[in-house]
Amino acid sequence: MDLQKFVAKRSNWTIPYALFLAFFVVLPLILIGVYAFRNTEGSFTLQNFTRFFTQSEALNTFIYSVGIALITTLLCILFGYPAAYILSNAELTRGRTLILLFILPMWINVLMRSLATVALFDFMHLKLGEGALIFGLCYDFLPFMIYPIYNTIQKIDKSYIEAAQDLGATRLQVFLKVIWPLSIPGIVSGIMMVFLPTISTFAISEILTLNNKRLFGSIIQDNMMMSDTMNYGAALSLIMLIIIAVTSFATRTQNDNDLNDGGLI
């Protein structure tokens, strides 16, 4: 084989990425699917899935996790959208500097940020619990809401805004009729990046509630760590993956429909 021709061919540069995806993404997903439909003896079974719907602990934890995720996502939208809107209207250099300040916490490990939150609550003499959990989740995932909204608003064609202003629209009308509908894809992306990871997280909830409040990720972790319940943990992981896949497909379809409709109301 001519090494020079092999290197010169662009498609060959994808081979390392393909191997990485095969071994560290596709193969683990296949193993999760295989273990989810097996029992401890290795026989095919659906008991792992029926156990989730019949066992109150796992189901209640999942419902509780969805509630916490909804609250966290709504708070992130409430605080993240105004921040993204203000940053998108700032001067170019100043806006990039400010957005960098919002992204900087993402460069720090999530466990370190959670421990910093514990230290903050201890300094303010506040008790750890559900309130600390929601605060910590918002602190950890707020940048994931701000950046996609900021990026979407930045890409809005300014001619739409100018046309609305020429037709006599007020600043509020411009926002409601132009900016808001065109920024919905960014909001949807932010929701995906906040809501789904919040459900499956476990370390943050254990640290900020002293393990008194458990999220769905904690149930998955506990079962995956034990050999006799690993199959059940794989089934829970597969359920979570299905929810993520269905949600991603639904949001992508909705985004495509919004783009086809012009994105304006």
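Contact here means heavy atoms within 4.5 Å, and helices are DSSP runs of H or I with at least four residues, numbered from the N terminus. The model is predicted, so local features need pLDDT of at least 70 and side-chain atom pairs count only at pLDDT 80 or more, while totals for chains, interfaces and linings use all residues. Residues are numbered from 1 along each chain as its sequence is written, and side-chain values use heavy atoms, with hydrogens and water left out.

I begin with helix 4 and helix 10. On the helix 4 side, the contact comprises Phe 62, Ser 65, Val 66, Ile 68, Ala 69, Leu 70, Thr 72, Thr 73, Cys 76, Ile 77 and Tyr 81; helix 10 contributes Ile 187, Ile 191, Val 194, Phe 195, Thr 198 and Ile 199. These residues divide into 13 nonpolar, four polar and no charged, where Ala, Val, Leu, Ile, Met, Phe, Trp, Tyr, Cys and Pro count as nonpolar, Asp, Glu, Lys and Arg as charged, and the others, Gly among them, as polar.

I turn now to the aromatic rings. Rings of Phe, Tyr and Trp (its six-membered ring) pair if their centres lie within 6.5 Å; planes under 30 degrees apart count as stacked, over 60 as edge-to-face and the rest as tilted. The count comes to 14 aromatic pairs. In one of them, Phe 20 and Phe 24 have ring centres 5.1 Å apart and planes at 40 degrees, so the pair is tilted. Tyr 81 and Trp 180 also form a tilted pair, 5.2 Å centre to centre with 55 degrees between the planes. Tyr 81 lies in helix 4 and Trp 180 in helix 9 (residues 171-182), so this pair ties together parts 99 residues apart in sequence. Tyr 81 is buried at 7% relative accessible area, whereas Trp 180 is partly exposed at 34%; buried means under 20%, exposed over 50% and partly exposed in between, with a 1.4 Å probe and protein chains only.

Definitions and conventions
Helix = DSSP H or I, 4+ residues; strand = E, 2+ residues; numbered from the N terminus.
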